[in-house]
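Q: Could we go through this structure together? I would like to begin with the helix packing and then move on.

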Amino acid sequence: MSGLLSGLLGILALPPIDVPLVGLVWLVPWLTRLNQPSRQRIANALLTIGLPLGFVLGPITPAETMAVAGGMALAMVPFALIGAVAADPAGRTSGLRLLLCLGLLCVLLAGVRRAGLPLSLSIFAPAHSGHMRLIQGAGILGADLIIACFQAMLAVVLMRASSGQWDAGMAFMRIGIATTALLLPPAAMVFVTETVDHFPARSIAVIQTDIRPWERDRAITDGVLERIKARQERLYRTALALGPDVVVWPESSAPGYLQPDWSTDGEAGGRGFRHGYRYLAPGYVASVVQTRPDNGRARRWPKYRPIPFAESHLAPASINTASMPTTADGLTPLICSDASHPEALRMATSGRAGLIINPTNNAYLGSPFLARMHQRATQREAARAGVPVLVVANGGPSALLRPDGQQKTLLGAYQRGVARVTVMPERESAALPGLAVFLLMAISIGMTACLATGRIAAVPERQCQSRASRWLLALPVFMLAAGLTQHRLWLAETGIDDSSPPIAPGSMAAIHSPDAPHRGAMALLAREFGLSLGWQDVPADPASARRWLCRKTGLRLRERRLRTVGPPALGLHLTPAGSQAVRWIPGGEPTAWDPVSGQFHAVDPESVRWLTTARSPDQCRSTPLPP
């Protein structure tokens, strides 16, 4: 039952309940039973982390099964390992051994964060200024060690007092001394911060769109793409009317793939950072934020750490500092989960970033709380780096997160709008030298270790009949229940009727061309790039139509067939009646649009000529003819 209780306390420490002090003691019930036999210890460890993680990830399991399974396994392994080594097989242990095991857990969680899962003990703790300054001075690992030592000391006191080894007076005295020692590092760091880099204040207009996934998937339908672009044009005009220095868009705000640079060099520039996806080849898409200064070419920031499994189709950027673009007057974009990845944030701050712009799109993954969890993890990494983060979310909420723990919500969830905020990009750092921080941490942790020393007796076998391993069978049921409950809350908050499709299928007149099938095919592919065009805009000659498509979108036929193909992909299915456009969306199968019958139908991937992106306009002048 101890693992079950710790797991439930972990849930209470996270959004939406967010009970502040619970995050500082949630491990204590589990730790007090680490003197049980090994089987019970491991089962309780899995329940301790499995319940809060299942609560957070349960709603997205149907859409991202492999990613959730990988994340659960990655998080459970460190806890199970600590459950195995915290005592001998019979349950005999010591206070010092428990502290060392908790320290090992903190180190393992640092590895989990580098692997892409933003899990730490600090994420359960409140964003108090002392906690955030501790993260800034000693890193998330250092803050985790302080939190772990405090909870381990509480557990040791409870185990010793319950077994009669310590009386109440000794227990209170030791926990008081240990708490005082552990408060020393955060208390010292609150008052010794300094600004190491700063830039002039910037006025930023935040555009929060509300493009829903099914709306994007049906952008080829008559009027849908046009409505999206009209809404965004109104939002952009509203943003410019506020007189900002910079306009920032959320992730996935572009209604379609981005056009290649060479096809848009003549466009006006702008003061905006806009996210979009660049189609490169089948199964090969780049997630980028781009800006186009008035006096220069486009600059792009790619996503550096795609989420394993969930974003396996994204092209990863080269992971080295040299590949990091310079900041734009102290502003550096990090796309979605990159802002909670320690390596991506390190590269950003090494390039003199004073403000991280974080475009995200996690409001429509099935849970109304996932966006708040993202902000929680991002703010911990922001505190470590000493920079503020501006979260700009499709579907919201958008917020300004400061490294001292302050948070300002700019726009609420599931709404469109524009907000203006003035920010001074700057990077802070702990003024204490590294050696002083190390000595403070060593003194506080060392005093705690001295107070915790001594053997801890094992729980008698006859008292270990709770059969914690049986509770593990309920973990999948809990994840399913949490997922269904949050999904219902999400439906109610977004106003979606789950009994009917969010958008009824509309007409396809823009791509329905029975007399000239190739014109409808080219029009569909053009609309995939956010171009509000119909089949009448496509040249009547097939060769001219292919060149037209290449100039508009960069899409071209390769001279040789691709050996390996995967989604997302665009292609042409060549039939005696004419060309048919093919779309292959992740999670689905290749489907071709028949402009004659006006219907979609499945096709064999081997029968499709898949399209890639031309590297220059020269490649569009002579497109290879289909066989």
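Q: Which strands does helix α9 lie across?
A: Helix α9 (residues 224-241) lies across β3 (202-208), β4, β5 and β13. Its direction is at about 160 degrees to β3, where axes are lines fitted to C-alpha atoms, for helices over the stretch in contact (heavy atoms within 4.5 Å), and angles run from 0 to 180 degrees between N-to-C directions. Helices (H or I, at least four residues) and strands (E, at least two) are DSSP runs, numbered from the N terminus.

Q: What about provenance and numbering?
A: This is a predicted model, in which local features need pLDDT of at least 70, side-chain atom pairs count only at pLDDT 80 or more, and totals for chains, interfaces and linings use all residues. Residues are numbered from 1 along each chain as its sequence is written, and side-chain values use heavy atoms, with hydrogens and water left out.

Q: In what order do the 6 strands of the open sheet run?
A: The order is β7-β6-β5-β4-β3-β13, with mixed pairing; two strands pair if DSSP finds at least two bridges between them. β7 (299-302) and β13 (417-423) are the edge strands, and the twist averages 35 degrees from one strand to the next.

Q: How do β4 and β5 pair, parallel or antiparallel?
A: Strand β4 (residues 246-248) and strand β5 (residues 272-281) pair in the parallel sense over 2 bridges. Val248 stands opposite Phe273 in β5.
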